[in-house]
Each structure stands twice: as structure tokens, then as C-alpha cells.
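Open the model in your viewer and keep the selection tool ready. This tour goes stop by stop, with something to select at each one.

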Amino acid sequence: MKVENVLHCSFSAWFPRFQSVTLESVVIPLPKEVLEYLLDDGSLVLPKSSEPVSNTTSLNRDIQDEIWETDDTDTAEQPSFPEFDACIRAGIQMLGGAVFPKLNWSSPRDASWMAFGNTLKCTAPEDVYLLLKSSDFIVHDLTQPFLFCDHESGGADKEVDIQYDLVLRKWHTIDGVGEFRCFVKDDDIVGVSQRDMSKHHDVIDKSKQDICQDILHFFHSKIQEKFDDDSYVFDVYRTKTGKVYLIDFNPFGPVTDSLLFSWEELQTKLPEEDNTDPNCENPSEALDFRSVPHYSQVLPPAFSRYRVPTDVYDVATGQDPDKLVDFLKLTNEQQKAELSSDDER
């Protein structure tokens, strides 16, 4: 994976070409002062707002006011971006009153638990700020977009002048049963995966041939040979009527979640000879279509780890053995103290 592969997947790089087959969106250049605000590792302080905002934001404002009232030791200064706020409001209004935000590559899906209703739906600037400011995915976009790139292409050390954008996308209530990730190698699909691995859907099993046929037709008519790279990943949403919409592009490499595949197998896969034909007899086999096969094989929600402190997650999953050892030692000491206290009685 090269630096240019990542840049080609930046929203503003592909959106003009595929605007007719994706969700309606508004792109707003990110001012320097807003970029600095998002990178500030201080307390979560939302910018001032010059107009009344949504119920979601009102709740966030109440919580924030309570924090300020109870914290007498260190009150952070509240920033203000009136011109940028006005651009956000105009974009939200243009898109029907509700949007979900993202930057060049990522949306703040890991921070949805911070918002009222556990959703990315935004109806006011402060909804947008709260999600962006709370997201590790956004921090990655801003600080390490080329982390997994090859060293010969500059990798993480390459200095690239990036124009960061705030992207507002028209809000739609999307059923996870229709979300799929498609892996393209050498301009042919080598795999398709269900996006939401935390659920099993009988309807996917029953409709997988139709799903693959619709995705293949969409790929050949709207995507193939039109993107800047030969190998890439694209996400789609398929409605109940079979209409397919492009959601996003991602680099073909470890920076992108391989879902029900592994990157080792994806990078060595060769396309089936008949997967170029949407009318082939078994499109799901030709595409190597994968979904969660049974209720017993679902995985934890993808972003559940972001809802708990890092130490708790590391101990629970065993990803940091030292923390697990420390936790067991602490538990053992507490048990000994309790036993000693009982003996004294």
C-alpha cells in the first residue's frame, strides 16, 4: 500500500466522479483553527454556538455546563468558530436537516456512544463537534493517515500537504443487513463481506445470490476501471429492492478492516474466471461472498471497546499481559486482606 493509494481514497478525491451513485454530501474545507482544536488533547470543551441548537446538543450543553460548575480548579476556555459554524448549519439545511459527519477518510463511528441516542445523526454544529472531538478514528485521520504505507513510498514519515475537509453526508436510516464491503484486486472483485459481524441475518443467506448479482452489476457498470487504483476496497448499501449505493472507498491493505477475511488471504487471492459476469450461475461462490453463518458465530459489536477505559478492555481481552498480571495480583491481595480481616474477628 502506497501513500497515493491512501490519497486516492480521500473523500474529495473520488466524490466528484461517483457523485451520482452515492449519498448526497457537502464538503467543507477544515480551517486551521478548527484543525488545531480537534488535535488539542485537552478537555472536551465544545465551541460556543451563536444560535439555539438541537435536543441532542441541548443535552450535551447541559452536561458540559454541569462539568464547568463542579470543576473549580481548571476551567478550559471555550473556543468559537462562528464562520465555520455557519457553513455547517448551511450544509445541514441543504441536506434536509440531518447529516452524519466524517473527515477525509473516517467517520467517528467509534464515538457514537457519546451522542444522544447512540447515533451519528447530527442536526447542529455542536453535534458534529462532539463526535469529531471524541473519536480515535478522527485522530488517526489527522495524525497517522499513512501509518501502514510502504517505506519506499514514504510511509508514515512522508510529509504530504493534506487539505482536510469536513464532509457532511445526508442522513439515512440504514439497515445493517444491507451493508457490504467489497475487496477489489487488479480491478476484479476477490471477496465480499457482510459489514456488521455482530449479527446473523437469515435474509442474507436466503438472498445471497441476488445480493451478489446486484453488487456485480453495480461494480461493472459504475465502479470498475473508473477508480484511480486497480486494487481498493469499496463499501455499498443494498436496499430491499436491490438498488445499490456506494458508501465509501478504502485502501486495499491493513489500514482497512478485512472483516470476515484476513489480509493474508486477500493479498494472495486471484479472481475467479467467471466473476466478471453478473449473470454467472453461482455469483456468491464466484465472489467468495461471506456472511455470519449462524447466531452462535456472531462477534462482539465492532466499537464496543471504545465505550470502556482502555485498561478494562486490555484486561478483559488479554491484549496486555502485564495489566492482566497486575490485576490478578491486586485481586489476590484483596482476597488475602479480606481473609485476614475475617480471622481477626
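Select Asn 250, in strand E7 (residues 244-251). Helices (H or I, at least four residues) and strands (E, at least two) are DSSP runs, numbered from the N terminus. This is a predicted model, in which local features need pLDDT of at least 70 and side-chain atom pairs count only at pLDDT 80 or more, while totals for chains, interfaces and linings use all residues. Residues are numbered from 1 along each chain as its sequence is written, and side-chain values use heavy atoms, with hydrogens and water left out.

Is Asn 250 buried or exposed? Asn 250 is buried, with a relative accessible area of 12%. Buried means under 20% relative accessible area, exposed means over 50%, and partly exposed lies in between (1.4 Å probe, protein chains only).

Now show the side chain of Asp 235. A polar contact of 3.4 Å joins it to the side chain of Asn 250. Such a contact is a pair of N or O atoms within 3.5 Å; within protein, one must be able to donate a hydrogen and the other to accept it, and residues adjacent in sequence count only if both atoms are side-chain atoms. Leaving aside neighbours within four places in sequence, Asn 250 is in contact with Cys 9, Arg 181, Tyr 232, Val 233, Asp 235 and Thr 256. Contact means heavy atoms within 4.5 Å.

**The nonpolar cores**

Next, select Leu 166, Phe 234 and Phe 249. Of the 69 residues in the largest nonpolar core, these three touch the most other members. Helix H8 (residues 202-223) gives the largest share of this core, 8 residues. A nonpolar core is a set of buried Ala, Val, Leu, Ile, Met, Phe, Trp, Tyr and Cys residues joined through side-chain atoms within 4.5 Å.

Stay on Phe 234. Which residues is it in contact with, leaving aside neighbours within four places in sequence? They include Phe 180, Ile 189, Phe 218, Leu 246 and Phe 249. A second, separate core has 7 residues, among them Val 190, Val 233, Phe 252 and Trp 263.

**Helix H5**

Move to helix H5 (residues 82-94). At 1.5 Å a residue, its 13 residues should span 18 Å, and its end C-alpha atoms are 18 Å apart, which agrees. The expected span is 1.5 Å times one less than the number of residues.

Colour Phe 84, Asp 85, Ile 88, Arg 89, Gly 91 and Ile 92: these are the buried residues of H5. Look down the axis of H5: its buried residues fall within an arc of 160 degrees, so they line one face of the helix. The arc is that of the directions from the helix axis to the C-beta atoms.

What do the buried residues of H5 pack against? They pack against strand E1 (25-29), helix H3 (32-39), strand E2 (99-102), helix H6 (125-133) and strand E3 (165-170). On the other side of H5, Pro 82, Glu 83, Gln 93 and Met 94 are exposed. Just after H5, find Gly 96, with a positive phi of about 95 degrees.

Then jump to H6. This helix is mostly covered, with 9 of its 9 residues buried. Among them are Glu 126, Asp 127 and Lys 133.

**Phe 11**

Select Phe 11 in helix H2 (residues 11-18). Phe 11 is buried, with a relative accessible area of 0%. Not counting residues up to four places away in sequence, Phe 11 touches Ser 25, Val 27, Lys 102, Asn 104, Val 167 and Arg 169.

Most residues other than glycine have a negative phi. Select Asp 186, in the loop between strand E4 (179-185) and strand E5 (188-194). Asp 186 is not a glycine, but has a positive phi of about 50 degrees. Asp 186 is exposed, with a relative accessible area of 53%.

Go on to Glu 225, in the loop between H8 and strand E6 (232-238). Its phi is also positive, near 65 degrees. Glu 225 is exposed, with a relative accessible area of 68%.

Finish at Glu 265, in helix H9 (residues 263-268). Glu 265 is partly exposed, with a relative accessible area of 25%. Its side chain reaches the backbone nitrogen of Ser 262 at 3.0 Å.

**Zoom out**

Buried residues make up 45% of its 345 residues.
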